[in-house]
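Colleague: I've got a model open and I'd like to learn how to read its features. Could you walk me through it?

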Amino acid sequence: MTAAFQAGANFVLPKPLTSERAMRSFRAAHGLMVGERRRYYRHPVSLPAVLAYGNKIESVMLTNVSEGGMAIEVGTPLVTGQMLKWKFALPGSMLCVEGKGEVSWTDGHGNAGVRFVHIPQGYKLLLEEWLSELPQNERLLV
């Protein structure tokens, strides 16, 4: 088993194979696969956006966007868990989408992730439609 893990295996099925050992290995493998899977596609972009939090309004750059959130480059450090409002224009149209989000991660180098908490239904439909029209090969898994 040691050699298998050193060779890059994520799980093994030890012999003699019993149903209990097999189930334990499959549960571990399933956990690894689900942990690596992302729920939404991320689309790489370079779009200006506006954040509003506290009494501040700040211009930022979106680096990717999905139905569930966005990654941004921001000048002012944000705090994980911080709530904010966001707004950006969809490329190729004059339409803007806006909503509320929560800072889900920051890296200390001006990058942060915002998880969408609330998007009014009309804006949500616009965003979903725009994302669904993107060519499949331009999408990144989120």
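Modeller: Helices (H or I, at least four residues) and strands (E, at least two) are DSSP runs, numbered from the N terminus. Keep in mind that this is a predicted model, where local features need pLDDT of at least 70, side-chain atom pairs count only at pLDDT 80 or more, and totals for chains, interfaces and linings use all residues. Residues are numbered from 1 along each chain as its sequence is written, and side-chain values use heavy atoms, with hydrogens and water left out.

Colleague: Is Ser59 buried or exposed?

Modeller: The labels come from relative accessible area: buried means under 20%, exposed over 50%, and partly exposed in between (1.4 Å probe, protein chains only). Ser59 has 60%, so it is exposed.

Colleague: Which residues have the most contacts inside the largest nonpolar core?

Modeller: The general idea is that in soluble globular proteins, nonpolar side chains tend to be buried together. A nonpolar core here is a set of buried Ala, Val, Leu, Ile, Met, Phe, Trp, Tyr and Cys residues joined through side-chain atoms within 4.5 Å. The largest one has 25 residues, and Val65, Met70, Ile72, Trp86, Phe88 and Leu127 have the most contacts inside it. At least two residues of this core come from each of β1 (41-53), β2 (56-65), β3 (69-73), β4, β5, β6 and α3 (121-132). The biggest contributor is β1, with 5 residues.

Colleague: What is Leu127 in contact with, leaving aside neighbours within four places in sequence?

Modeller: Contact means heavy atoms within 4.5 Å. On that basis Leu127 touches Val65, Ser66, Glu67, Phe88, Leu90, Val97, Phe116 and Ile119.

Colleague: How many salt bridges does the structure hold?

Modeller: Side chains of opposite charge can pair when their charged atoms come close. The test is a side-chain nitrogen of Lys or Arg within 4 Å of a carboxyl oxygen of Asp or Glu. The structure holds 2 of them. One joins Lys87 and Glu98, with the closest N and O atoms 4.0 Å apart. That pair links distant parts of the chain, Lys87 in strand β4 (residues 83-89) and Glu98 in strand β5 (residues 96-106), 11 residues apart. Lys87 is partly exposed at 39% relative accessibility, and Glu98 is partly exposed at 30%.

Colleague: And how far apart are the closest N and O atoms of Glu102 and Arg115?

Modeller: In that salt bridge they are 2.4 Å apart. Glu102 sits in strand β5 and Arg115 in strand β6 (residues 111-118), 13 residues apart. Glu102 is partly exposed at 23% relative accessibility, as is Arg115 at 41%.

Colleague: Which residues form the nonpolar patch on the surface?

Modeller: Patches use residues with over 30% relative accessible area and no salt bridge; like charges are joined within 9 Å, nonpolar side chains (Val, Leu, Ile, Met, Phe, Trp, Tyr) within 5 Å. This one is Phe11, Leu13, Leu17, Met23 and Phe26, together about 480 Å² of accessible area. Such areas come from the Shrake-Rupley method with a 1.4 Å probe; for residues, only the protein chains shown count as cover. Leu13 is found in the loop between α1 (2-6) and α2 (19-36), and is partly exposed at 39%.
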